[in-house]
Amino acid sequence: MDAVLTGIATAFSVQNLAFCFLGVTLGTFIGVLPGLGGLAAVSLLLPISFYLEPTTALIMLAGVYYGGEYGGSTASILLKLPGDASNAITCLDGHEMTRQGRAGVALFTAAIGSFIGGSTAIVLLMVLTPVLVKVALSFGPAEYFAAMTFGLLAAATIAQGAPLKGMAMVLMGLLLGTIGTDVNSGVERYTFGFLELLDGFSVVIIGMGMFGIAEVISSVMTARDRAYKGRISISSMLPTREDVRRAALPIARGTGIGALFGVLPGTGPTISAFMAYVIEKRISRTPERFGRGAIEGVAAPESANNAAAQASFIPTLALGIPGSASMAIMLGAMMIHGITPGPRMMIDHQEVFWGLVISFWIGNVMLLVLNIPLINVWVRVLQVPYRFLYPAIVCVVCIGVFSINNSVFEVWLVLMFGLAGYLMRLLGFEPAPLMIGFILGPMVEENLRRAMRLAGGDFLAILERPITAAILGMTALLFLWIVYGIVRSKTRMVDRLDDLAQG
Amino acid sequence: MSAIRREMRDVIGGGTVIAVGFAFFYRSFAYGVGTLSEMGAGFFPMVLSGVAIIIGLAILIDGLARKARKDPQHEGFALRPVLAVLGGIAAFALLLTPYGLGPAVAAAAAIAGLGDPENRWLNLAILAAFLAIVCWLIFSVGLKLPLPFFRGVF
């Protein structure tokens, strides 16, 4: 209980309140911009957080992340340009509502749904994390290795795109993670004589290159000629009694789906939003209304993606294993600030955890204010043509990358990762699994080495540990299921969801 | 601007994964593979790149085996934005140290802005000057990064 009170005191300190506000505001701002979502927002602002003390920095960065989730829905609804993949499905009915002159109601529903989804997931976070920490305390290197392997496979195959390509991307991420000095032996791996690579790549460079620059390049053409003309009046935001009746249950179901999928590895906000939409359409008595401005089609996915965004903090904080690419970058941010998430942090630095959780509440209330009474600020942002916005984004990325180590070398690296990320997109390879592989890579290797040393090099010996055996068994089952899926239908899960959502 | 056909995408993508895999695989032996109980620095990358080569092959074969079909929804290669955005970043990297933040930001913004053919020279000049000043105010004055507006020539 003391830790909770300390957490409340931490979160309500003037400095942390200020940076929480700054975080959610900047997160919403970047989330509103077409093509840039929570992940790009966090990597963009990570260098700025270096100047803050760790708890404050985490409060701000987390605010940037879930603020980005709120902001992403605005561009989807008004312009049919999703700020982020997790808002893509909201475009269908959200933009249709805008065309019918009900943009205000759609935005209001998205904000309220996001708030309910987010708050519910925070409660889950408060209840479930301490439980998971107790389990995790009995984890040795073998269990961590098994859990991370499961997370990597899930991230590669469930989330988005073709499973084989996802696996290839996870492996590319793991390999990128081996670049730099090997902590066990001191051997320099794959540095090719570049002193700048001795510490490996910075997570910020990969995040900004593959999610920032690559997205900007492909948005230059797609985001042209789209601007929302007009303003949103507060009175036009108020839903009718009929709207409330229709939206209530979808918000509840979306929240449940998001909270569930947020905790599971590999299934973040995007898949939750898709699932929530598809389920609403399935169980609706009037499925023909979907795609024609049904309020359920905004309420369910927007509740789901925010619930998932908050719930995905559970495995990240309790186990130190991120379930999504955004959480991978949050984990990277924490490690840069000298905090290694996992059960030890939860015991030794309880005040950090509770401070963060309480700040989530504060941040979500702030976002409610930012997204309902102050909605016109973001509408104005969308009225700036993208051809003026994106050169500014490029400049901020350059300065941000340079400021990590005051090194121009890293600016060149971001150029290379931007190009690689753009080409990957064109070839149908997702950058998210690569990001997770990159962050988890060094940890997987470390735990594998320790587990094998303890087991005397006998791989079968680690299967005698019940938790390890159970998790590796689940990993094997998942793998078989995926292979079966590829062989049987050769269709991708998301393809099928796409079809369901559209047809 | 035509979209790359889907089976070609898989052939190119699979081939790239194989090539990267081989590069890592080849180098990994130089770092010492070791044994299962005492793994060397090369062990982990060796295993990973080995698996990557296999997966790359699977993607490549999948692409070769698939019947050709157009996939019109997929976006095509947009040369102009690629050159402009990457050129802008390169200009920033080249100009920052010798000439300072102002010229670097102005050049990056102007060159990146060329990615959209609707951007006219006058627009870009105003945008570049505006961004140079705003970035300087935020990062050098506000956040106190050690980045002077002009360096070298003045």
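Modeller: Helices are DSSP runs of H or I with at least four residues, and strands are runs of E with at least two, numbered from the N terminus. The model before us is a predicted one.

Biologist: What order do the elements of chain B follow from the N terminus on?

Modeller: The elements of chain B run α-α-α-α-α from the N terminus. The count for chain B is 5 helices and 0 strands.

Biologist: How many of the residues of chain B count as buried?

Modeller: Chain B has 154 residues, and 45% of them count as buried. Among the contacts in chain B with a separation of 6 or more, 65% are between residues 24 or more positions apart.

Biologist: Why does Gly87(B) count as partly exposed?

Modeller: The relative accessibility of Gly87(B) is 25%. Buried means under 20% and exposed means over 50%, with partly exposed in between; Gly87(B) therefore counts as partly exposed. Gly87(B) belongs to helix H3 of chain B, residues 79-99. Leaving aside residues up to four places away in sequence, Gly87(B) touches Val82(B) and Ile111(B). The C-alpha atoms of Gly87(B) and Ala109(B) are separated by 9.9 Å, and these residues are 22 residues apart along the chain.

Biologist: What makes Asn447(A) a buried residue?

Modeller: Asn447(A) has a relative accessible area of 10%. Buried requires a value under 20%, and Asn447(A) is therefore buried. Asn447(A) lies in helix H21 of chain A, residues 431-454. Not counting residues up to four places away in sequence, Asn447(A) touches Pro141(A), Tyr144(A), Phe145(A) and Met148(A).

Biologist: Why are H1(A) and H17(A) called oblique to each other?

Modeller: Helix H1 (residues 2-11) and helix H17 (residues 350-371) of chain A pack at an angle of about 55°, with their axes 7 Å apart. Angles under 35 degrees count as roughly parallel, over 145 as roughly antiparallel, and 65 to 115 as roughly perpendicular, with the rest oblique. H1(A) and H17(A) are therefore oblique to each other. Their crossing is right-handed.

Biologist: Which residues make the contact of H1(A) with H17(A)?

Modeller: On H1(A), they include Ala3(A), Val4(A) and Ile8(A); on H17(A), they include Trp354(A), Ile358(A) and Ile362(A). By class, the residues of the contact of H1(A) with H17(A) divide into 7 nonpolar, 6 polar and 1 charged.

Biologist: Why are H4(A) and H18(A) described as roughly perpendicular?

Modeller: H4(A) and helix H18 (residues 375-383) of chain A pack at an angle of about 65°, and their axes are 11 Å apart. The range from 65 to 115 degrees counts as roughly perpendicular, and H4(A) and H18(A) are therefore given that description. The crossing of H4(A) and H18(A) is right-handed. Thr74(A), Ala75(A), Leu78(A) and Leu79(A) of H4(A) meet Ile375(A), Trp378(A), Val379(A) and Leu382(A) of H18(A). This contact of H4(A) with H18(A) has 7 nonpolar, 1 polar and no charged residues.

Biologist: At what angle do the axes of H4(A) and H17(A) cross?

Modeller: The axes of H4(A), residues 54-79, and H17(A) cross at roughly 35° and come within 9 Å. The crossing of H4(A) and H17(A) is right-handed. Among the residues in contact are Leu58(A), Tyr66(A) and Tyr70(A) of H4(A) and Leu356(A), Phe360(A) and Leu367(A) of H17(A). The contact of H4(A) with H17(A) has 9 nonpolar, 8 polar and no charged residues.

Biologist: Why is Phe192(A) called exposed?

Modeller: The relative accessible area of Phe192(A) is 58%. Exposed means over 50%, and Phe192(A) is therefore exposed. Phe192(A) is placed in the loop between strand S2 (188-189) and helix H9 (203-222) of chain A. The phi of Phe192(A) is near 50°, a positive value in a residue other than glycine. Most residues other than glycine have a negative phi.

Biologist: What makes Asn406(A) partly exposed?

Modeller: Asn406(A) has a relative accessible area of 43%. Asn406(A) sits in the loop between helix H19 (386-405) and helix H20 (408-426) of chain A. The phi of Asn406(A) is near 50°, a positive value in a residue other than glycine.

Terms used
Residues are numbered from 1 along each chain as its sequence is written. Chains are lettered from A and ligands numbered from 1 in the order in which they are written. This is a predicted model: local features need pLDDT of at least 70, side-chain atom pairs count only at pLDDT 80 or more; totals for chains, interfaces and linings use all residues. Side-chain values use heavy atoms; hydrogens and water are left out. Axes are lines fitted to C-alpha atoms, for helices over the stretch in contact, and angles run from 0 to 180 degrees between N-to-C directions. A crossing is left-handed if the near helix is turned anticlockwise from the far one by less than a right angle, and right-handed if clockwise. Contact means heavy atoms within 4.5 Å. Ala, Val, Leu, Ile, Met, Phe, Trp, Tyr, Cys and Pro count as nonpolar, Asp, Glu, Lys and Arg as charged, and the others, Gly among them, as polar. Buried means under 20% relative accessible area, exposed over 50%, partly exposed in between (1.4 Å probe, protein chains only).
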